[in-house]
Each structure stands twice: as C-alpha cells, then as structure tokens.
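Subject: Structure handover and findings

Dear colleague,

Please find below the structure that I would like to hand over to you. My notes on it follow directly after.

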Amino acid sequence: MTHARPTILLQALLALLALACFVPAQAQELAGNNIRARLVADGPPIPGETWTVALLFTPKSEEWHGYWKNPGDAGVGMTLKWRLPGGWQAGEPLYPVPRRLEISGLMNHVFEGEYAALVPISVPAGAAVANSGPIVLEADYLACTDRSCVP
C-alpha cells in the first residue's frame with residue numbers, strides 16, 4: 001500500500017503550529033521597527049536532513065502589513081541573502097496564504113498581524129553541526145501602512 005506524500009501546504013501548517021514549541025533561546029532578532037523579524041529554528045540541525053527555520057514577523061501595530069512573495073500591483077516581495085556553512089543550502093521560503101488588500105485601485109497581496117515564512121535548509125550528511133560556524137541572513141522586506149512604506 002502506498003501513502004500519498006503530505007502537501008507542502010500541510011507541511012507549512014504543521015510547521016507553523018510547531019512555532020509554539022520553539023525555544024526562545026534559539027531565536028535571534030533580525031530587525032525591529034515597524035515589523036520586527038526574528039529567525040527561529042525548529043531545533044538543532046541534523047546532518048543529512050532538512051532543517052526548517054522560520055522568519056517570524058511581528059508588526060508593531062495593526063496598521064502595518066508585510067508583502068507576500070508576489071506583492072501584487074504595488075509593494076516589494078522579500079529577498080533573502082544567506083551566508084551558510086559550506087555545503088548547506090537554503091530553499092525557497094514557504095509562505096502562509098496572503099490576504100488581498102486594495103488601495104487606490106491597486107491590488108496587493110499582504111500579511112496583517114503576526115506571520116511566518118518557513119525556509120528549508122539542506123544540511124550535508126557529513127556536516128559537523130556543532131562547529132559549523134554562524135548562519136547569517138540578510139532579509140530585505142517592506143513594512144507598509146495604507147499611507148506609507150518603509151524598507
């Protein structure tokens with residue numbers, strides 16, 4: 001009997017539920033102003049497996065929103081620049097379903113409130129994870145209200 005593989009959406013939903021289990025000591029704040037971003041891991045990396053990290057975004061108030069990978073008519077999607085140990089590779093971020101926001105006749109795909117983007121990272125089978133060195137991420141994203149946007 002063959003079993004169907006879970007869909008990416010189901011995997012993303014399960015991983016989002018796991019956010020509640022993340023250890024705060026594993027989180028590192030990336031930026032903080034209008035939408036604070038934290039990099040959170042689902043535990044330690046294991047050689048030969050895919051390690052999931054989340055970018056957890058928290059707006060400072062209800063008026064601020066972030067953008068989906070396809071921002072729509074206006075806005076800018078997030079770009080990520082990783083510096084990973086040799087042989088490690090970051091995959092494409094998995095996003096929750098955005099909501100549609102129309103402003104001045106322009107349709108946008110946004111996130112309001114707290115949201116997370118999950119990033120799968122391939123860890124090589126022979127990786128010495130205890131001595132792998134730092135993982136550095138530069139995340140460029142846009143924080144907007146209905147009146148202004150701040151990179």
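Leaving aside its neighbours within four places in sequence, with which residues is Met78 in contact? The partners of Met78 are Leu55, Phe57, Tyr95, Ala117, Asp140 and Tyr141, where contact means heavy atoms within 4.5 Å.

Basis of the values

This is a predicted model, in which local features need pLDDT of at least 70 and side-chain atom pairs count only at pLDDT 80 or more, while totals for chains, interfaces and linings use all residues. Residues are numbered from 1 along each chain as its sequence is written, and side-chain values use heavy atoms, with hydrogens and water left out.

Confidence

The mean pLDDT (the predictor's confidence in each residue, from 0 to 100) is 81 for the protein, and 79% of its residues reach 70 or more. Over residues 1-32 pLDDT stays under 50, and the model has 35 contacts beyond four places in sequence for that stretch. Where pLDDT is low, the predicted coordinates should not be read in detail.

Overall architecture

The protein has 1 helix and 12 strands; both kinds of element are DSSP runs numbered from the N terminus, with helices (H or I) of at least four residues and strands (E) of at least two. Of the 151 residues, 34% count as buried, that is, under 20% relative accessible area, as against exposed at over 50% and partly exposed in between (1.4 Å probe, protein chains only). The accessible surface comes to about 9,200 Å², 55% of which belongs to carbon and sulfur atoms; the areas come from the Shrake-Rupley method with a 1.4 Å probe, and for residues only the protein chains shown count as cover. Among contacts between residues at least 6 apart in sequence, 68% join residues at least 24 apart.

Nonpolar cores

A nonpolar core is here a set of buried Ala, Val, Leu, Ile, Met, Phe, Trp, Tyr and Cys residues joined through side-chain atoms within 4.5 Å. The largest such core has 23 residues, of which Trp51, Val53, Phe57, Met78, Trp82 and Ile121 touch the most other members. Strand 2 (35-41), strand 3 (50-59) and strand 9 each supply at least two residues of this core. A second, separate core of 5 residues includes Tyr67, Val110, Leu142 and Cys144. In soluble globular proteins, nonpolar side chains tend to be buried together.

Aromatic pairs

The structure holds 5 aromatic pairs. Rings of Phe, Tyr and Trp (its six-membered ring) pair if their centres lie within 6.5 Å; planes under 30 degrees apart count as stacked, over 60 as edge-to-face and the rest as tilted. Trp51 and Trp88 form an edge-to-face pair, 6.2 Å centre to centre with 90 degrees between the planes. This pair links Trp51 in strand 3 to Trp88 in the loop between strand 5 (79-83) and strand 6, 37 residues apart, and both Trp51 and Trp88 are buried. The pair of Phe57 and Tyr141 is also edge-to-face, because the ring centres are 5.0 Å apart and the planes stand at 75 degrees. Phe57 lies in strand 3 and Tyr141 in the loop between strand 10 and strand 11 (143-144), so this pair ties together parts 84 residues apart in sequence. Phe57 is buried at a relative accessible area of 1%, and Tyr141 is buried at 15%. Ring pairs link Phe57, Tyr95, Phe111, Tyr115 and Tyr141 into a cluster.

Individual residues

His109 is found in strand 8 and is buried, with a relative accessible area of 18%. A polar atom of the His109 side chain lies 2.9 Å from the backbone oxygen of Asn70.

Ser104, in the loop between strand 7 (99-103) and strand 8 (106-112), has a positive phi of about 55 degrees although it is not a glycine. Most residues other than glycine have a negative phi. Ser104 is exposed, with a relative accessible area of 74%.

Val129 is found in the loop between strand 9 (115-122) and strand 10 (136-140) and counts as partly exposed at 26% relative accessibility. Val129 and Pro47 are 82 residues apart in sequence and 7.0 Å apart in space, C-alpha to C-alpha. Leaving aside neighbours within four places in sequence, Val129 is in contact with Pro45, Pro47, Trp88 and Val123.

Yours sincerely

How values were computed
Polar contact = N/O pair within 3.5 Å; in protein donor to acceptor, adjacent residues only side chain to side chain.
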